[in-house]
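Good morning, everyone, and thank you for coming.

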Amino acid sequence: MALLPILEFPDPRLRTKAVPVEPARVTEPEFQQLLDNMFETMYECPGIGLAASQVDVHQRFMVIDVSEDKSRPLVFVNPQIVAKSGEQVYQEGCLSVPGIFADVTRANEITVQAIGRDGQPFELSTDGLLAVCIQHEMDHLDGKLFVDYLSPLKREMVRKKLAKQKRLSA
């Protein structure tokens, strides 16, 4: 396995809309290795979700594990939200926007259809943190970041703070 470089805001590649994955590819060894690498990268950071777009692979899939002990890895290939209800405000962070957290309003309950790691389609209804994480990662696949939910002024403050962090760490 290998750690993958994560694109950071405001990298324009994060705005790329991901294309669907051919379902037959899901079980191929190279794709499975990429999934392993994404999980390793996500756990190392540490994070609870990672979209392929964040590692400069602009295809519609993501990995998620919101369990405390990192024992429930989930793979969503070509995910689609088919139902949503309610509303919740959750303080979100992002591996592509390090050190920044902001309140984002999203649906509280969702039903998502996707293809799993085994190549089989599935449907999952969930709420709370997992629902937030799925919506957050799906935004990445559409070229959207959680900072897009912020006012233009706050978004510019985030951009400046990240640029300063980058200068100080160089």
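Let me start with a term: a salt bridge is a side-chain nitrogen of Lys or Arg within 4 Å of a carboxyl oxygen of Asp or Glu. What you see is a predicted model, in which local features need pLDDT of at least 70 and side-chain atom pairs count only at pLDDT 80 or more, while totals for chains, interfaces and linings use all residues. Residues are numbered from 1 along each chain as its sequence is written, and side-chain values use heavy atoms, with hydrogens and water left out.

The structure holds ten salt bridges, and I will go through three of them. One is formed by Arg-13 and Asp-56, whose closest N and O atoms are 3.1 Å apart. Because Arg-13 lies in the segment before H1 and Asp-56 in the loop between strand S1 (49-51) and strand S2 (61-64), the pair ties together parts that are 43 residues apart in sequence; here helices (H or I, at least four residues) and strands (E, at least two) are DSSP runs, numbered from the N terminus. Arg-13, at 37% relative accessibility, counts as partly exposed, a term for what falls between buried, under 20% relative accessible area, and exposed, over 50% (1.4 Å probe, protein chains only).

Another salt bridge joins Lys-166 and Glu-8, with the closest N and O atoms 3.8 Å apart. Lys-166 belongs to helix H3 (residues 152-169) and Glu-8 to the segment before H1, so this pair ties together parts that are 158 residues apart in sequence.

Arg-117 sits in the loop between strand S6 (109-115) and strand S7 (121-127), and Asp-36 in helix H1, 81 residues apart.

Which residues does Gln-32 contact, leaving aside its neighbours within four places in sequence? They are Val-26, Thr-27 and Arg-117, where contact means heavy atoms within 4.5 Å. Gln-32 is itself placed in helix H1 (residues 29-44), and with a relative accessible area of 18% it is buried.

Finally, the cysteines. A search of the whole structure finds zero disulfides, a disulfide being a pair of cysteine sulfur atoms within 2.5 Å. For Cys-94, the nearest cysteine sulfur is that of Cys-133, 10.0 Å away. Cys-94 counts as buried at 10% relative accessibility, and Cys-133 is buried too, with a relative accessible area of 4%.
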